[in-house]
Amino acid sequence: MSGPASPGAGAVLTIDLGAIVANWRLLKSRVGRADCAAVLKADAYGLGAAQVGPALAAAGCRQFFVAHLDEAIALKPMLPRDATVSVLHGPLPGSEAEFVAHGLRPVLNSRAQLDAWRALAHRLDRELGAIVQVDTGMARLGLDERELRALADDREAFVGLRVELVMSHLACADEQAHPANAAQLERFVAARRRLPPAPASLANSSGIFLGSSHHFELVRPGAALYGLAPVAGAPNPMRPVVRLQARVIQVRELPAGTPVGYGHAWTSERPSRIATASVGYADGWLRRLGGRASVWAGDVELPIVGRVSMDTVTIDATALPAGALAAGDAVDLIGPNGDVDHVAAQAGTIGYEMLTRLGRRFERIYGGAAGASLP
Ligand SMILES: *Cc1c(COP(=O)(O)O)cnc(C)c1O
């Protein structure tokens, strides 16, 4: 499936579409009769909505979520005609007609969005479908308590609209014992009673692992599809999806006492072999990783020393024999020995941020189950 790695790129990101499909199937198998959507916002968490969307559609996924209208407009034509693309942010004022023109489904997050969508249905003299989101305890998007109460007294509010789904979003689902998980569930059940009858959706990736109480008719995983661990502190049941490899540009032998890189932030304490590799913070290899993360040459761990530059990192390769690592060779930054969550933790962030920042300069190889790697 993969073409040969191009020597023009400093680093290669291998994305295993087979693993993404396997992860979707695993999640689907955990939710019984509920349907399993796929969240493809932010270009499928940086991995390429144009590749991930059709791969999941081929596996049978028919419900897709993105954040922005423009993301949805780009994604829709790549999917089968019967696939639904929903826009989490809903229509910004004045954009309602675009949703109709492109056959997209808005998530209505406020009374204002609801009213504007109903006004359009009235103007077009046709019924329009929509998702209604309620805020059950995150204070980010969705109808709040006051809006829900007002709606329950307003029989006209949904005239001309077809509520296809009622949804909410969990704030603390990755911490299974967090009391917010039960509190949000309770508010969600109560909120549904005040809205037109419709299927419901509450769970993101982590929410799926809270059990069937949180599944309703549809679950909306993102992160777990891309291999991130859905449950904090527990073994990760998802298949790894990405591998990041960078090429070595040069290797030098340094005497003890030689400062390396910007700010002379690291100095060799012994004679050292330093390899400079072609990845940096401009590629999403975060500056915070300097002095914290490692790369791997096969199974040998080599620490990144000194600061991360825009385009390069410096690696202490003293553990390898002279000549074992040479210009053009590849080292692993994310791969079998360290996954995205692990590297993210070293940078003081989460896998979601690490993934969505992975760079635009990489050569990207989309592989099947076996993946692909640099020679
Ligand atoms: C991003 C998002 C999801 C997916 O969440 P993951 O934690 O990545 O599974 C689901 N629903 C909403 C509303 C979201 O914003």
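What follows is a short exchange on how the terms used for this predicted model rest on its values.

Biologist: What should I know about the numbering and the confidence limits?

Modeller: Residues are numbered from 1 along each chain as its sequence is written. The model is predicted, so local features need pLDDT of at least 70, side-chain atom pairs count only at pLDDT 80 or more, totals for chains, interfaces and linings use all residues, and side-chain values use heavy atoms, with hydrogens and water left out.

Biologist: How many helices and strands are there in the protein chain?

Modeller: The chain has 11 helices and 19 strands. Both are DSSP runs, numbered from the N terminus: helices are H or I with at least four residues, strands are E with at least two. The C-alpha atoms fill a box of roughly 80 × 40 × 40 Å along the principal axes.

Biologist: Why is Thr276 called buried?

Modeller: Buried means under 20% relative accessible area, exposed means over 50%, and partly exposed is in between (1.4 Å probe, protein chains only). Thr276 has 14% relative accessibility, so Thr276 counts as buried. Thr276 lies in strand β14 (residues 272-277). Across the protein chain, 51% of the 375 residues count as buried.

Biologist: What is Thr276 in contact with, leaving aside its neighbours within four places in sequence?

Modeller: Contact means heavy atoms within 4.5 Å. The partners of Thr276 include Val248, Ile249, Thr312 and Val313.

Biologist: Ala150 next. Is Ala150 buried, exposed or partly exposed, and what makes it so?

Modeller: Its relative accessible area is 39%, so Ala150 is partly exposed. Ala150 is found in helix α7 (residues 145-152). Ala150 and Arg111 are 39 residues apart in sequence and 9.5 Å apart in space, C-alpha to C-alpha.

Biologist: What makes a set of residues a nonpolar core?

Modeller: The members are buried Ala, Val, Leu, Ile, Met, Phe, Trp, Tyr and Cys residues, joined through side-chain atoms within 4.5 Å. The largest such core has 115 residues, and Leu40, Leu56, Phe64, Tyr226 and Trp285 touch the most other members. Helix α1 (residues 17-29) gives the largest share, 6 residues. At least three residues come from each of domain 1 (17-226) and domain 2 (241-367). Those bounds come from an automatic or database domain assignment.

Biologist: Which residues is Trp285 in contact with, beyond its neighbours within four places in sequence?

Modeller: Among them are Leu244, Val279, Ile304, Leu333 and Met354.

Biologist: How do you know that domain 1 and domain 2 are in contact?

Modeller: By the contact count: 14 residues of domain 1 are in contact with 9 residues of domain 2. Their C-alpha centres lie 38 Å apart.

Biologist: How many Å² do the two domains bury between them?

Modeller: About 1000 Å², with 64% of it on carbon and sulfur atoms. Buried area is the accessible area (1.4 Å probe) that two parts lose on being put together, summed over both. On the side of domain 1 that touches domain 2, α1 and α2 (41-45) are the elements that give two or more residues. The largest share of that side, 5 residues, comes from α1.

Biologist: How many salt bridges does the rule find across the interface of domain 1 and domain 2?

Modeller: The rule finds 0. A salt bridge needs a side-chain nitrogen of Lys or Arg within 4 Å of a carboxyl oxygen of Asp or Glu. The whole structure has 15.

Biologist: Why is the pair Arg192 and Glu217 called a salt bridge?

Modeller: Their side chains meet at 3.9 Å, N to O, and the limit is 4 Å, so the pair qualifies. Arg192 lies in helix α8 (residues 180-193) and Glu217 in the loop between α9 (205-208) and β10 (218-219), so the pair ties together parts 25 residues apart in sequence. Arg192, at 25%, is partly exposed. Glu217, at 39%, is partly exposed as well.

Biologist: What separates Glu353 and Arg357 in helix α11?

Modeller: About one helical turn, because they are 4 residues apart in helix α11 (residues 351-357). Glu353 is partly exposed at 27%. Arg357 is partly exposed at 44%.

Biologist: Which residues are linked in a network of salt bridges?

Modeller: Arg105, Glu127, Arg162 and Glu164.
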